[in-house]
Amino acid sequence: MRIEQAEVIVTSPDRNFITLKLTTDTGITGLGDGTLNGREPAVVSYLKDSVAPLLIGRDAHQIEDTWQFLYRSAYWRRGPVTMAAISAVDVALWDIKAKAAGMPLYQLLGGASRTGILAYGHGSGASTEELFDSIRMHQEMGFQAIRVQSGVPGLRAIYGVTPSKTDAGVVTDPGSPDADQHYEPAQRAARPPEEDWDTRAYLRHLPGVFEAVRNEFGPDLPLLHDGHHRMTPIQAAKLGKALEPYDLFWLEDCTPAENQEALRLVRQHTTTPLAIGEVFNSVWDYRQLISEQLIDYVRSSVTHTGGISHLRKILDFAAQYQIKSGIHGPTDISPVGMAAALHLDLAIHNFGIQEYMPHGQRTNSVFQQSYSFIEGYLHPGERPGLGVDLDVDAAGRYPYETAYLPFNRLKDGTVHDW
Ligand code: CS2
Ligand code: MG
């Protein structure tokens, strides 16, 4: 079975998505997600100019050889653009192979290790009242685990919280007419939007938010929080310790982890579980974090980490240290990338939890997916392959629009992680 065609499909229903579609000489097609929020054109060029021409004529069944060829023949190693492009190829080939075998992709990964995939939703609010409303709405939608993101007094805008009444991160129903109320961090603009930040104000405010949430919703509800790379290690240690009474499921991206040793300091001070890795793109970014058990959850998405083939290897490495998956699943992971995550989630033994921000109505008109969300659990479905189809005509109705993620400046004007 040879690859005959490689098409890069750019579409921007609720936000920009980059999809690779491979077609074989048997007529079987496969889809892969190469979306890199705020840097989509770079992945489009890498795929079109440096990858697609090399795929034509290759045996579509040779997934591992294609992966190693694309990784090593480029000479230059790793990086988000390269690994998103390799991921799109890898996932499209797994989609093809599973369709050729006539079974859902998870069956090729070892079959189901569980009946459903526990998901967490994005609870958020500029105020405690809005936050409580958002948590209740997610519970009504069936979510049994909730991420809590809150505004901070004195800050104009903050990651994960829309200033408006509309709840950040989720619409009441993915197909609802207010889907365009969806929280989307990347803003369609000619330049990255600037937001403000004050770590000390955040550290003073957040423990009180979790105390209020625990008092309102009780001790059992699994609660998560995303620090989004904005603290120093000692600040992360301070927050992790302050949140221990509220028994978080995890504290995510508590400090930038390019310096993996930094997590040793955090680990010394707190037992709050740590999740890291959504901005990482290879096993090398995790080597120390996993081998020294400095984290509890691997946050990478399939889309940004070289695909199913490479993320599976990372998760198998993590399993040796009792570290679990917490695959990244915001709306800037397309339904194709989400489906790939779900097949992996279902098959691996060391599954932890899956992030789930339902896509909006326009996105669902472009990507027809077979995955389901029922009473807090996701399932990829039983269709052969990934279980996602892309309507090329619908995709053509939403042309790419330049969009950038925000960045932070501190009060003195210093640029800071957003
Ligand atoms: C966030 C992401 O979901 C998360 O954990 O960190 O939404 C992140 O802000 C976006 O993926 C950036 O594109
Ligand atoms: Mg995050």
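Some ground rules. In this predicted model, local features need pLDDT of at least 70 and side-chain atom pairs count only at pLDDT 80 or more, while totals for chains, interfaces and linings use all residues. Residues are numbered from 1 along each chain as its sequence is written, and side-chain values use heavy atoms, with hydrogens and water left out.

First, the layout. Domain 1 spans 3–108 and domain 2 spans 117–382; the bounds come from an automatic or database domain assignment. Their C-alpha centres lie 26 Å apart.

Now the interface. In contact are 32 residues of domain 1 and 38 residues of domain 2, where contact means heavy atoms within 4.5 Å. About 2800 Å² is buried between the domains, and carbon and sulfur atoms give 56% of that. Buried area here is the accessible area, with a 1.4 Å probe, that the two parts lose on being put together, summed over both. Within domain 1, Asp14, Asp33 and Tyr106 lose the most area to domain 2. Together they make up 25% of what that side buries.

Four salt bridges link domain 1 and domain 2, each a side-chain nitrogen of Lys or Arg within 4 Å of a carboxyl oxygen of Asp or Glu. Arg15 forms a salt bridge with Glu184. Their closest N and O atoms are 2.9 Å apart.

Which elements supply the domain 1 side? β2 (17–24), β3 (29–33), α2 (63–73), α3 (80–101) and α4 (105–108) each supply at least two residues. Helices (H or I, at least four residues) and strands (E, at least two) are DSSP runs, numbered from the N terminus. The largest share, eight residues, comes from α3.

Key:
Chains lettered and ligands numbered in written order.
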